[in-house]
Amino acid sequence: MNRTLGSLWKRYQSTPLVYRIFLAFVVGSAAGLLFGDRMSVLSPLGDLFLRLLNMLIVPIIVFTLLTGIRQLSPARLGRIGGATVGLYALTTTMAGIIGLVVANVLQPGRGVEFVAGEAESQVPPTLTEVVLGIVPTNPVAAMAEGNLLATVFFVIVFGIALTYVRARQDEYAESVDSLFEAFEIGAEAMFVVVRGVLEYGVIGVFALMAAGIGTEGIGVFSSLGMLVLAVALAVVAQITITYLFVLMQVIGDVSPIAFLAGARDAMVTAFATRSSSGTLPVTMTNAEEDLRIDERVYSFALPVGATANMDGAALRQAITVMFAANAVGQPLMLSEQVLVLLVAVLISIGTAGVPGAGLVMLTVVLNQVGLPLEVVGFVAGVDPILGRIATMNNVTGDLAVATIVGKWNDAIDLDEGVWRRAPTGFSERSIFGD
């Protein structure tokens, strides 16, 4: 008996983690549909997984950002930082455009009987507050409160200051290197913890999907199905056109199919957790072990992306506002749609990478075009589904940008990991091939 159990355990451990997580995702979803609300008893197991992931966010951001900055001169940091931010701006803008195009084609909301729900009571921040909020008044408090944009800003500024102190070649230079080494040890320790958390993730993802689908039910698809369909199609278009074609093929000349194989763990985890920030440990593991991106690139690009690159939020908000306009019988003119695009792109930067933040930010865009805020309550029923789809889009974009920045800076090993023997085109390789 013990020998049989030991053999099964070895076979389980030898199975790639992505297959185990994907199986947990499918079985959990099926269990939720079959047993309904009874699966809510598993919620604590899913919540534990989310808490473990959230526990890792701030220390990983601090340690990995500082470790990455250590390997960069101020000039090179400027090149990598500029390329990263520029690509994030490009992909977010394209996401907003794709969202509006899909919404104009499908016209979600037409024929929907609008029943006013309870609007979100929380007052959304203004654009000025979002920008000023990036600069923390108390960095320690920002870390304790999980204010990730403020944390990233302070850590980058602190890291750049350390590189300038080291460049002075005075009595402090050696001490700066010792400090960086301590941060590097901290980063390695955190990745050991990440691997342990991901092993538990098989149980966590099963519980999240079983409890989530069991509680939300399949009804959310039928009541507001066109909105869900529009967001899903727009995300497919964003991933295919912007990430796989424009970034991978046109700009980067690397295999889009191999990229998907390298990003699959993060994509599944993002869909299950609805949190870009919570998925960050998995995203970094994919970048290092599968996509073979150099630490000096991914340790900068991914934390910034998890907090500031919200392609899915821009896309989702653009479509939802069009849905709202159609539902209340106030179709938007072209000029109003351009305004929606600008606001959605700008405000997505301030959308925290945590579940539920999109509803609050949606009120900003609705205000700009004079639509009733009660729409927020109306679409809240499908927010969990929309959030999962958009979050998966976000982490895919983070990894795509990190890959291209790595390619531009000779900071990616295209002979190892998922890139090994990978063609450059879309064919001849399975997404789940090694």
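Helices are taken here as DSSP runs of at least four residues, numbered from the N terminus. On this basis the predicted model contains 18 helices and zero strands in the protein chain. Of the 434 residues of the chain, 54% count as buried, and the accessible surface amounts to about 18,500 Å², of which carbon and sulfur atoms supply 64%. Among contacts with a separation of 6 or more, 83% are between residues 24 or more positions apart.

A nonpolar patch on the surface is formed by Leu90, Phe245, Val250, Ile251 and Trp408, which together have about 450 Å² of accessible area. The most is given to this patch by helix α10, spanning residues 225–252, with three residues. Trp408 is placed in helix α18, which covers residues 383–408; with a relative accessibility of 42%, this residue counts as partly exposed, because that class lies between the limits of 20% and 50%.

Helix α10 also carries a kink of about 40 degrees, centred on Val246. The residue that follows α10 is Asp253, for which phi is positive, near 55 degrees.

In contrast to the partly exposed Trp408, Val401 counts as buried, its relative accessibility being 0%. When neighbours within four places in sequence are left aside, Val401 is in contact with Thr84, Leu87, Tyr88, Thr91 and Leu247.

A search of the whole structure for aromatic pairs finds three. In the pair made by Phe154 and Phe158, the ring centres are 6.0 Å apart and the planes are at 10 degrees, so the arrangement is stacked, since planes under 30 degrees apart are assigned to that class. Both residues belong to helix α7, comprising residues 148–167, and, because they are four residues apart, they are separated by about one helical turn. An α-helix has 3.6 residues a turn, so residues three or four places apart point the same way. Phe154 is partly exposed, with a relative accessible area of 30%, and Phe158 likewise counts as partly exposed, at 33% relative accessibility.

Technical notes: Residues numbered from 1 in each chain as written. Predicted model: local features only at pLDDT ≥ 70, side-chain atom pairs only at ≥ 80, totals over all residues. Heavy atoms only, no water. Patch = residues over 30% accessible without salt bridge, like charges linked within 9 Å, V, L, I, M, F, W, Y side chains within 5 Å. Areas by Shrake-Rupley, 256 points an atom, 1.4 Å probe, with all protein chains shown as cover. Salt bridge = Lys/Arg side-chain N within 4 Å of Asp/Glu carboxyl O. Helix = DSSP H or I, 4+ residues; strand = E, 2+ residues; numbered from the N terminus. Buried < 20%, exposed > 50% of the residue type's maximum accessible area, 1.4 Å probe, protein only. Contact = heavy atoms within 4.5 Å. Bend = angle between axes of the 7 residues up to and from the residue. Phe/Tyr/Trp six-rings, centres within 6.5 Å; stacked < 30°, edge-to-face > 60°.
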